[in-house]
Amino acid sequence: MRIAPAHFLLRSPAKQTMTDLTTTYLGLTLKSPLVASPSPLCKSLSNIRHMEDAGVGAVVLHSLFEEQINHESHSLDYYLSRGSESFAEALNYFPEPNAYRLSPHQYLEHIRKATEMVDIPIIASLNGVSSGGWVQRASHSDWIKYAALMEEAGADALELNLYFVPADSDILSETVEDMYADLLIDVRNTVSIPIAMKLTPFFSSLPNLARRLVFAGAKGLVLFNRFYQPDLDIENLEVVPHLHLSTSDELRLPLRWIAILYGRLNADLALSTGVHTAQDALKGLMAGASVTMMTSALLQHGIDYVRVVTEEMRAWLAEHDYESVGQLQGSLSQQAVPFPAAFERAQYVKIVGTLEPGPERR
Amino acid sequence: MIERERITVDGNEAAASVAFRLNEVIAIYPITPSSAMGEWADQWATEHKKNLWGTTPLVVEMQSEGGAAGAVHGALTSGALTTTFTASQGLLLMMPNMFKIAGELTATVFHVAARTLATHALSIFGDHSDVMTARATGWAMLCANSVQEVHDFALIATAATLEARVPFIHFFDGFRTSHEVMKIEALSDDDLRAMIDEALVREHRARGLTPEHPVLRGSAQNPDVFFQGREAANPYYHVCPAIVQNAMDKLADLTGRQYRLFDYVGAPDAERVIVMMGSGAETAEETVAALTAQGEKIGLLKVRLYRPFSAKHFVSALPASTRALAVLDRCKEPGALGEPLYQDVLAALMENWTAAMPKVIGGRYGLSSKEFTPAMAKAVFDELKHDQPKNHFTVGIVDDVSHTSLAVDTTFNTEDPQTVRCIFYGLGADGTVGANKNSIKIIGEETDFHAQGYFVYDSKKSGSTTTSYLRFGPKPIHSTYLISQANFVACHQFNFLNKFDMLKNAAPGAVFLLNSPYGPEKVWEKLPPGVQAQILEKSIRLFVIDGYKVAQATGMGGRINTIMQTCFFAISGILPRAAAIEAIKHAIEKTYGKRGEAVVRKNFEAVDQTLAHLYEVSTADLKVTQPRAKPATLAPAEAPEFVQNVTAKMLAGLGDELPVSAMPVDGTFPTGTTQWEKRNIALEVPVWDPNLCIQCGKCVFVCPHAVIREKIYEPQHLDSAPSAFKSAPAKWKEFEGWRYTLQISPDDCTGCSLCVEACPAKNKSQARLKAINMTPLQSENGNGASPNLRQIENENWQFFQKLPEVDRRALNVSSVKDSQLLQPLFEFSGACAGCGETPYLKLLTQLFGERAIIANATGCSSIYGGNLPTTPWAKNAAGRGPAWANSLFEDNAEFGLGFRLTLDKQIEYAHELLHRLAGVLGESLVTALLSADQTHEAGILEQRTRVQTLKNALNEILLRAESEYQAEARNLLSLADVLIKRSVWIVGGDGWAYDIGYGGLDHVLASGRNVNVLVLDTEVYSNTGGQASKATPRGAVAKFAAAGKGQAKKDLGMLAMAYGSVYVARVAMGANDAQTIKAFLEAEAYEGPSLILAYSHCIAHGYDLRYGLDQQKKAVQTGYWPLYRYNPAVAAEGHSFTLDSKAPSMPLREYIYNETRYKMLTQTDEARAEQLYKEAQADVQRRWKQYEELAAVKPH
């Protein structure tokens, strides 16, 4: 893991004052609006402790995937059974232990340990797609019941990540939105902890969906999740899974939607994707987010980078005489700016109009 | 008497459960059929189960049975309660220590699943040849006849040994008892406690060596006292039988089961009596019961305590009315006056029988698990009626050579009508046996019925057939033989109807359950000839279900076990339907629950959906539409006579009918016989796209079964080609204008897909297509996509085989591309689909097969290589090919060295003779023969021609009667072939090379002799089911290392390199095929010992073997398996050590966690997995550094 560049750490905390960074998210009080979002870092308890020490307001754990819940047992069963009872000398090939701790169980234990170890809220993450009968043969009780188990294990909240790629041209947009709402209701009915829905940006009418989801019980919306985008290996003619880390440039998509949605929903907004600097985080808050989530920056610079961003935020807030983050939250949302159309189509015209040829075009 | 728990277990578990609780130290080593006892012990130790004294026994795996016995001896000598489990050759290896242990009057019990000793052939099956060989060791021998007795006698033997101080062999029949699943009454800890005298335990401990009270044991004695010392222990043997009887009586008080040293059953006034021991006695007892009920005066004397043999007890157990005795031995001692039990009985009677001596005859039965049926027992009783009964007879075979065999009336049957008898025919992969084991448990636990299960497997590791035999009913079951009159027959694979006459064993009115792709309306027409007629003639009720359809719909894939099991319960009505379903689900939860809820749920769904798809076919108005066919010809007409007369019968499952005269007298068999066994097991096969193919040969290289071949040939050969035969212009500069064909044999393919994975050529328009693509074959299930593919490709294959082989001299065999034009002389083995070992053996035969002589250690390679009916070792058109032999597991290196010694001596002598005969043969021929350069194919061929010239010349000399050189000429003629370079190969697995055979291997490597050792390293004992060896890597789970192996893999290559005179190479063909070929060629060329360590992926690694090559690549890329060659021959020219792979480029986890053997540990003990991972990753770095340093060493 890379350590944050030294210049960040060495920056003098001269201007540092104890600006109040407290925010509320999903009904939870967080000591900071910086939240660690799902990444492999969250798999280690010591990392979670480290994150708390570094100042994150909450940790969203890595996701438990629907596929993981079933696939792991199926594959264990398959390979333990494979070749067994076929040949007189080798009736099987593996010892059969009394118990396995499969990923779902390990995940629940991880929640249990994490919540015991740290004081900041631990938000569990459940990633799935199937609903009862909607996707063939996968009964949604398979994985939805893990929501309740996560609550039982001590999770303070649940982030529901519905990862669905509608590749079938017979599926209507409305059907997809219904599925999101139905799944949320099903989960909602099994748990009492707050639920945040993590969404993709690929909806034709995001505000309407957002409203439906909040109506269905979402306490928060997380904008947006990042897909594993497949890449093509042109040498070997293969499709290869690829995940590259985000950059600050990607901030603007969630920024726009948070600004649009802020104040129109009875739910908290979390900005995820593209938060790399204190400036990014501040922008998110000003657009209306309650929290801004970081993954790529922590993977790139290490967990201690949270300290840097926190200090820079405090410094900026102090420098600009903000007393708390509450004060600036939503201050640049669509409803709060003098030209609301800036978040809509008019802005496009403006940008095109001012665009000058870049250096490479000369 | 208290109510005891009823458990349904097999003999091995019954023995291990007692042994584990009564010992402190357990030293183990795997050997069929006893391995499971050690596995149970190891598993229970891993689970921290406790013995009777509240502590977990220490279970340690040793490097051989010799090692296990040594460790046991040591542990006993120092005072621990100690045991081990073994069989067959394992017991032989323990014997030196057993003499010592008995000589030192040390209390212990060895539990032995008695198995055939290897003689003219190896056999994994059961008889008493091993235990009988141990009878001179001075151990007491107690024989259990049934699973209940195994459980009881394990305790009786332990209680008795502590008191008697005489060590005990507790034995029972391998497979028939060790693997028979039976409902028995369990012995509780309290029972054990009541039987074991704590004071005796403390005495045993007190006899342990301690410096607090030092003594000396194991002295060397001289003629003055040794003899007396040997006699000093006699009193212990004298009282031993009484001690055993006492323990038996004590157990009877506890459990109500009364055993005696010799148990007599039958008519009190019997005149004819059989004496025997082992599982066969159960069948004999059943026969006696049936015949005495008819008034016959017969009986059976079961020998329990065979050693010390108490003649007094024996004689008193025998009815005074006995007039004739037949003693049955389950072993053979060639040249003896009779088998051991027979001789003992004679001696006992001579010494103690006071009335007129009865007539005593001895006979042999049941060798290598040969069936022993009531009809055979009756044949023996009938023989005793004769005035001159046949002595030294055999029963169960047809001996048309020495005429020892008794005639058997096969219609005689003693099955109890109240006992339900079921036979299930399944495929290894469909889970039939597992489900039946569960069924037996369900019946055992949910009903008051007695229940028995026995399972028979064929000798193939891929596509094998299983037959399950289940009995249950209100009466105790003593039938230790297969079922011939079944009330229920289930065929789990429709195509088996063509393979087996399964209704032959159906009783009239039986139920026949068929897994059929055809529904109740259509199935009748699809039944093969003979089946319809039998159904109508025997009034068989026919039920059908499309098990695969239900399995597919419920996510069960190819596992139809639960579905067929549900049908069985639904039809049999043994439990009310709802109760049965509940019980099945309970069993599912118990068996699969720990593997996760999803697995349980899919099985539940399968159960729930089954009954809606089960139909009874009304046969009332049906007629036979398929006439009974003539018996099919067993082998094609062009097959050799031996194959027609012998092999084909074995293939047809009729081996039991072969008479003695059909068998080779010395265990020598023809090679190249797998070609006559068309197994037809693949559902899909690779199909070639000639336009896309780059003719690289990689698919041919990796094919584990040599079913995908390539040839180049001149175009005129295509004139008579079948219309569908494919070819392409050959892409060889040297063969301009020639054609190229890649051909598969569909009937021999296992469908493993390794070839497709290896193919580098992708279709530019559709990347999913390669130059070869798996394509469904039409199968008997009627689910094929290409109706004629099998037929077309079979015709193509026939034609392809007739195409000429390319001249070896024209090829650059060191290139992968050219090497694969060489004919493989290892083909169509019964190895697992996707096997990682066989491609190396095939390569060996391509490069050197014509002149190879192979010593093969026991293990997977000796089984797929030499298990009858057929062998994959083949011959070329000239009739030349590898000559192959298996000696033992432990001695293979020495065995192969013996080949070399013969060759070295014979070559030396042949050279001497050439010198002596130079005058008559001509100097030029002799010089050419002596100085031939045979380092290349052309040189070898030239020498072959010279040898022919020599032979002609020698024959001429022999024609000249007056020649003074006749004797030398005759000698040289018989040795002339050794002048053609031979290639000695010593082949085996890691269990042999790293463990049991290491001492010998080390010596052979140090000998400097020109042998080539190929270690097929699967990193576990694959053949016996995945037990850890010293090749098992750190962090991998294996049997005997259930908690993950804690130590690093032994670096065998480094040890060998330390000699400085051994060629060593580490290869992984999936990572670098060219390096593999280079290593084989260099090793063979090196004029000293060579060692090749070949990474062999294996079913015991737990992943889809189609990705075997990928995993090999990753093993190399992570630095886990660096490729190298160490060649002492080039030391003078430069570096002897060449690293052929790059520095680790990815973390170990990218490789290991694709495999269940590693992943499992993360699921059972995450913390340990993490710790071992760290250490394993450190091992990689450390070893890589060592290799790098070696590679950097400059020559002096």
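Predicted model: local features only at pLDDT ≥ 70, side-chain atom pairs only at ≥ 80, totals over all residues.
Biologist: Which residue does R82(A) form a salt bridge with?
Modeller: Its partner is D1104(B), and the closest N and O atoms are 3.9 Å apart. That pair qualifies because the limit is 4 Å.

Biologist: How many salt bridges are there between chain A and chain B?
Modeller: The count is seven.

Biologist: Which element gives the most to the side of chain A that touches chain B?
Modeller: That is α3(A), with nine residues. This side of chain A divides into 15 nonpolar, eleven polar and eleven charged residues.

Biologist: And what area is buried between the two chains?
Modeller: About 4,400 Å², with carbon and sulfur atoms giving 52% of it. The contact takes 37 residues from chain A and 60 from chain B. E85(A), E89(A) and Y93(A) supply 17% of the area that chain A buries against chain B, more than any other three residues.

Biologist: Changing topic: how do α33(B) and α34(B) cross, left-handed or right-handed?
Modeller: The crossing is left-handed. The axes of α33(B), residues 937-959, and α34(B), residues 966-975, come within 9 Å and cross at roughly 145°.

Biologist: Which residues meet there?
Modeller: Among them are L950(B), L954(B) and L958(B) in α33(B), and A969(B), L972(B) and L973(B) in α34(B). The residues of this contact divide into seven nonpolar, two polar and two charged.

Conventions. Residues numbered from 1 in each chain as written. Chains lettered and ligands numbered in written order. Heavy atoms only, no water. Axes fitted to C-alpha atoms, helices over the stretch in contact; angles between N-to-C directions. Helix = DSSP H or I, 4+ residues; strand = E, 2+ residues; numbered from the N terminus. Left-handed = near helix turned anticlockwise from the far one by under 90°. Contact = heavy atoms within 4.5 Å. Nonpolar A, V, L, I, M, F, W, Y, C, P; charged D, E, K, R; others polar. Buried area = accessible area lost by both parts, 1.4 Å probe. Salt bridge = Lys/Arg side-chain N within 4 Å of Asp/Glu carboxyl O.
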